[in-house]
Amino acid sequence: MNESYRHKGLRKKLIEEIRSKGVSDNRVLEAMERVPRHMFMDSSFVKFAYRDQAFPIGCDQTISQPYTVAYQTELLEVRRHDKVLEVGTGSGYQAAVLLEMGAKVYTIERQRELFLKAQSFLPEIGYKPHFFYGDGYAGIPSYAPFDRIIVTAGAAEIPEKLFEQLRVGGIMVVPVGESSSQVMMRIERISDEEYKKSEHGHFVFVPLLKGKSF
Ligand code: SAH
């Protein structure tokens, strides 16, 4: 699939729409302007790639709404060279946005089919995160600590194991709550035991599930 002037134009408009909804971090918006979202979509939805909506990507999962990606990424305050753990690779779109911001990305997915698809597709278009197949609830202890952790599925509670893998001074952004709606939480690790928590509005994500699926 190629990238055309039309795609670029549609993407510019989408980014302006996200800006008008309140996201102002230019580093996030510029990164999103570079990622060809249409290439991450399921073939039946490609024509809608530059609508500000979530769409199915198979396995009952979705590629998140662009506004949600932008908002969550803004809260994460990613710096160049940060080591970032993403839970829920899905289509790989969020991972691509983080890579465009200069982060080193470790992304984990529990659905084997989505893991395999992202692992083969992303490098083809130049995005090279480290891919893991497993239960993101457990994080990736062998690569911890991380400067930033972003969870892209709704967690019933703050995943304790992930907090343990956050560097002191690090930030985790995770939607927490019931399956119908979650509160976006930003958790900053102040010391080994202490953290500062803040809440940033309601969102709807697919659930963070335990275990891995074959
Ligand atoms: N970041 C993705 C969004 C995908 S939706 C994107 O940009 O497209 C959330 C993803 O989280 C789904 O693919 C789902 O399979 C995955 N997921 C849910 N629970 C998980 C878990 N415990 N560990 C890893 N991935 C999980």
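Colleague: With which residues is E3 in contact, once its neighbours within four places in sequence are left aside?
Modeller: In this predicted model, E3 is in contact with K8, R11, P36, H38 and M39. E3 belongs to the segment before α1.

Colleague: Why is E3 called partly exposed?
Modeller: The relative accessible area of E3 is 29%. Buried requires a value under 20% and exposed a value over 50%. The value for E3 lies in between, and E3 is therefore partly exposed.

Colleague: What makes the pair of E3 and R11 a polar contact?
Modeller: Their side chains are joined at 2.6 Å. The limit for such a pair of N or O atoms is 3.5 Å, and the pair is therefore within it.

Colleague: Which residues does M32 touch, not counting residues up to four places away in sequence?
Modeller: M32 touches R11, I15, I18, P66, V69, A70, Y93 and V97. By contrast, A156 is 29 Å from M32, C-alpha to C-alpha, and 124 residues apart from it in sequence.

Colleague: Which residues have the most contacts inside the largest nonpolar core?
Modeller: They are I18, M32, F40 and Y93, in a core of 46 residues. Several elements each supply at least two residues, including α1, α2, α4, α5 and β7. The element that gives the most is α3, with 6 residues. Apart from this core lies another, of 22 residues, among them F163, V176, I187 and L208.

Colleague: What is in contact with F40, leaving aside its neighbours within four places in sequence?
Modeller: The contacts of F40 include V35, I57, I63, Y93, A96, F121, L122 and Y127.

Colleague: Why is α3 described as largely enclosed by the rest of the structure?
Modeller: 11 of the 11 residues of α3 are buried, so the helix is largely enclosed. The buried residues include P66, Y67, Q72, E74 and L76. Just after α3, E77 takes a positive phi of about 50 degrees.

Colleague: What makes β7 largely enclosed?
Modeller: In β7, 8 of the 11 residues are buried, so this strand too is largely enclosed by the rest of the structure.

Colleague: How do you know that β7 pairs with β6 and with β8?
Modeller: There are 4 bridges between β6 and β7, which run parallel. There are 6 bridges between β7 and β8, which run antiparallel. A pair needs at least two bridges, and both therefore qualify. I149 stands opposite M172 in β7, and I171 stands opposite E188 in β8. The hairpin of β7 and β8 has 5 residues between the strands, and G177 in this hairpin takes a positive phi near 155 degrees.

Colleague: Why do D60 and H81 count as exposed?
Modeller: D60 has 75% relative accessibility and H81 has 57%. Exposed means over 50%, and both residues therefore count as exposed. D60 is in the loop between β1 and β2, whereas H81 is in the loop between α3 and β3. Neither residue is a glycine, and each has a positive phi: about 65 degrees for D60 and near 70 degrees for H81.

Colleague: How many residues surround the ligand, and which are the closest?
Modeller: The ligand is surrounded by 28 residues, and the closest are S91, E109, D135, G136 and L209.

Terms used. Residues numbered from 1 in each chain as written. Predicted model: local features only at pLDDT ≥ 70, side-chain atom pairs only at ≥ 80, totals over all residues. Heavy atoms only, no water. Core = buried A, V, L, I, M, F, W, Y, C linked by side-chain atoms within 4.5 Å. Buried < 20%, exposed > 50% of the residue type's maximum accessible area, 1.4 Å probe, protein only. Contact = heavy atoms within 4.5 Å. Near = heavy atom within 4 Å. Polar contact = N/O pair within 3.5 Å; in protein donor to acceptor, adjacent residues only side chain to side chain.
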